[in-house]
Amino acid sequence: MVQAYAVPGWHLEVDRGPDWLFVRPRPLDADAKDACELGEQLWALLEQTLTHRLVLELADLDRLDAKLVKQLLWLRERITACDGIMRICGLTPANEAFLRSYDLAGHIAHYCDRESAVMGHDSPRRPR
């Protein structure tokens, strides 16, 4: 069941899975990426749902910037401190290149889709 949450500058589509929270943030306007509260709002949502495993689906994000990446790193640190997991999926090639240019790809795990993010790998599962 997908729920919607309003966060200043963002529309969040939230879906729950077994032990996971899936969030698709959609910027409401061009200044949404500057909303410093996104990481804090996502953390509050995790606390509210008693979940510490998060997949952020960022396919609707046109362009990453340093402020948003800083929020994502802050959120990842909070989640990791609680023995949780944060993964992202759906980045455009340009946004993925942005993460690599700042050498952040190893700090924020990126996967092609939700299923790969949950499983922790990019290659499809194959029968034995």
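**View 1. Leu50 sits in the loop between α1 (38–49) and β4 (53–57).** Helices (H or I, at least four residues) and strands (E, at least two) are DSSP runs, numbered from the N terminus. This is a predicted model, so local features need pLDDT of at least 70 and side-chain atom pairs count only at pLDDT 80 or more, while totals for chains, interfaces and linings use all residues. Residues are numbered from 1 along each chain as its sequence is written, and side-chain values use heavy atoms, with hydrogens and water left out. Most residues other than glycine have a negative phi. Leu50 isn't a glycine, yet its phi is positive, near 55°. Leu50 counts as exposed because its relative accessibility is 74% (buried is under 20% relative accessible area, exposed over 50%, partly exposed in between; 1.4 Å probe, protein chains only).

**View 2. Asp83 turns up in the loop between α2 (66–81) and β5 (85–89).** Here's another positive phi, about 60°, in a residue that is not a glycine. Is Asp83 buried or exposed? With 74% relative accessibility, Asp83 counts as exposed.

**View 3. Six strands line up in an open sheet, in the order β1-β2-β3-β4-β5-β6.** The pairing is mixed; two strands pair if DSSP finds at least two bridges between them. At the edges are β1 (2–7) and β6 (109–111), each pairing on one side only. From one strand to the next, the twist averages 30° (axes are lines fitted to C-alpha atoms, for helices over the stretch in contact, and angles run from 0 to 180 degrees between N-to-C directions). Zoom in on β1 and β2 (residues 10–17): they run antiparallel, joined by six bridges. Tyr5 stands opposite Leu12 in β2.

**View 4. The largest nonpolar core has 27 residues.** Such a core is a set of buried Ala, Val, Leu, Ile, Met, Phe, Trp, Tyr and Cys residues joined through side-chain atoms within 4.5 Å. Which residues have the most contacts inside it? They are Val23, Leu54, Leu56 and Met86. At least two core residues come from each of β2, β3 (20–27), α1, β4, α2, β5 and α3 (93–101). Another core, of six residues, lies apart from it and includes Trp20, Val55, Cys89 and Ala117.

**View 5. Arg114 puts its charged end over the ring of Phe22.** The distance to the ring centre is 4.0 Å (a charge sits over a ring if NZ of Lys or CZ of Arg is within 6 Å of the ring centre and within 35 degrees of the ring normal).
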